[in-house]
Amino acid sequence: MARFTKNRWTSAIIPALLIHIPIGTVYCWSVFKQLIADQLHASPASVEWGAIFFLGMSAAFAGPMVEKNIKKSALISMVCFVVGFAGTGVSIALGFLPGVFICYGAIMGVGLGIGYLTPVKNLMLWFADNKGLATGIAVAGFGLAKAIASPLIGSIGLVNMFYTLAVVYAIMMLVGFLLIRRPAGWVYDPATSYVSRVSILKKPVFWGIWIAFYINITCSLALISQEKDILHDVLRAFPQYANLSPAKFAAAISGIIGLVLAVDSVFNTAGRVGFSTLSDHLKRRETVYQIIFIMSIAVCLLQIFTNSIGNALLWAVLAMLFLVNAGYGGGFSTLPVLLDQHFGTKTVSTTHGLTLSAWAFAGLSGNQLASFVVAHAPDQAHRYAALIPVLTGLFVVALISISLVKYLGDRNVTKAVEDRG
């Protein structure tokens, strides 16, 4: 194993974190949207639309640019993200809701998509012996923005938070842009680095990975979107809370909810680093996804078959929430090295970008799936329980999809060995 060198950290890891931590602010939308709705005197439903769709779709088209010129992609990401972020604050201050959609959704979303892709291949080139670990560390930085932005809102207010962080993030991303560089001797070769998107889309392996990735995000977002309500239902059955008024009940459990959400973030980050690092030590990267889906199915079934109320059900629900969150993070960090295994490092930015289109569609479908199932649950007294069997079935589909990818990969390896023989 090659030693870590200073250049690896200053040219790859540090700039990756300086780019990914700011763009990770997209995960704060669940915190922002209610505050934005209150400030603009709009309904929460009218501000649901965020930046994930543009993130995924811009990444789908930006891959070749990232392959060719990492400096250009880092600069475009910084400009679009900072302009969109600051513009969101201006739109809120002016009470202009369409401006929020344009700035936070479209402009910032483009910066997100290009910025998300930019450090990934660079990390894989610098850390060829530990690709999973390197991408896991960088992608873990994506989840740190919530810890930065949320406290600022309470101390300086929503609009000032956007202005302040726009300046802070501009400096961070500018330093990332100045530091990031390819390894010495690496030269972009159009003949080997270019790949037709159409040729990728024709491959069954690509769609097997796309489906598994899409389902993992959809199920995770569906569960996360209902997390507070699921905990409310479970805790309401405890004797000490049963007779409290809604206001007193909400106050009594606020600390528990806050603790659970904080631990969620820990599991998500640990999953990003842990699962991608594990993939470095496995013969096939698909095995990590199989582990994630089997784990997710197991904890969902545990919750379904835990019929008692009280501590047993609470622990089953917590296990489900924490481990699905870990698998959610692990699915993101392991994706680049899985694509590298099937399509090669030379074109990984293009294939990674195309696969991130699944994130765009999952961002639209995850919350809607949960809302639809909950609204049509036959037992409205325990309506959130109706979501878990649906998620279990989808995780089974994802497991089948990634297992087929692994089968096709094993078959191709065997065929290649036979051809050489």
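Q: Before we start, what does "contact" mean here?
A: Contact means that heavy atoms lie within 4.5 Å, and please keep in mind that we are looking at a predicted model.

Q: Okay, so what does Ser 91 touch, leaving out residues up to four places away in sequence?
A: With those sequence neighbours left out, Ser 91 is in contact with Leu 40, Phe 96, Gly 99, Val 100 and Cys 103.

Q: And where does Ser 91 sit, and is it buried or exposed?
A: Ser 91 belongs to helix α4, which covers residues 70-94, and with a relative accessible area of 6% it is buried, because buried means under 20%.

Q: New topic: how many disulfides are there?
A: The structure holds 0 disulfides. Cys 219, for instance, takes part in none, and the nearest cysteine sulfur to it, that of Cys 300, is 7.7 Å away.

Q: Why don't Cys 300 and Cys 219 make a bond?
A: The sulfur of Cys 300 has its closest cysteine sulfur in Cys 219, but because the two are 7.7 Å apart they are too far from each other for a bond, given that a disulfide needs the sulfur atoms within 2.5 Å.

Q: Are those two cysteines buried or exposed?
A: Cys 219 counts as buried because its relative accessibility is 0%, and Cys 300 also has 0% relative accessibility, so it counts as buried.

Q: Let's do helices. At what angle do the axes of α12 and α16 cross?
A: The axes of α12 (residues 227-236) and α16 (residues 311-343) cross at roughly 165° and come within 10 Å. Angles over 145 degrees count as roughly antiparallel, and therefore α12 and α16 are described as roughly antiparallel to each other.

Q: Is that crossing left-handed or right-handed?
A: The crossing of α12 and α16 is left-handed.

Q: Which residues meet there?
A: From α12 come Glu 227, Ile 230, Leu 231, Val 234 and Leu 235, and they meet Leu 313, Leu 314, Val 317, Leu 318, Leu 321 and Asn 325 in α16. Sorted by class, this contact has 9 nonpolar, 1 polar and 1 charged residues.

Q: Can we zoom in on Val 317? How far is it from Val 234?
A: Val 317 and Val 234 are 83 residues apart in sequence, while their C-alpha atoms are 8.4 Å apart in space.

Q: What else does Val 317 touch, and is it buried or exposed?
A: Leaving out residues up to four places away in sequence, Val 317 touches Ile 230, Leu 231, Val 234 and Gln 303. Val 317, which is found in helix α16, has a relative accessible area of 0% and is therefore buried.

Q: How about α14 and α15, at what angle do they pack?
A: Helix α14 (residues 246-279) packs against helix α15 (residues 286-304) at an angle of about 135°, with the axes 9 Å apart, and that angle makes α14 oblique to α15.

Q: Which residues are in that contact?
A: Phe 275, Leu 278 and Ser 279 of α14 meet Val 288, Ile 291, Ile 292 and Met 295 of α15, and by class these residues divide into 6 nonpolar, 1 polar and no charged.

Q: Last one: what is the phi of His 41?
A: His 41 has a positive phi of about 55°, although it is not a glycine. Most residues other than glycine have a negative phi.

Q: Where is His 41, and is it buried or exposed?
A: His 41 lies in the loop between α2 (29-40) and α3 (52-68), and because its relative accessibility is 75%, it counts as exposed.

Notes:
Residues numbered from 1 in each chain as written. Predicted model: local features only at pLDDT ≥ 70, side-chain atom pairs only at ≥ 80, totals over all residues. Heavy atoms only, no water. Buried < 20%, exposed > 50% of the residue type's maximum accessible area, 1.4 Å probe, protein only. Helix = DSSP H or I, 4+ residues; strand = E, 2+ residues; numbered from the N terminus. Axes fitted to C-alpha atoms, helices over the stretch in contact; angles between N-to-C directions. Parallel < 35°, antiparallel > 145°, perpendicular 65-115°, else oblique. Left-handed = near helix turned anticlockwise from the far one by under 90°. Nonpolar A, V, L, I, M, F, W, Y, C, P; charged D, E, K, R; others polar.
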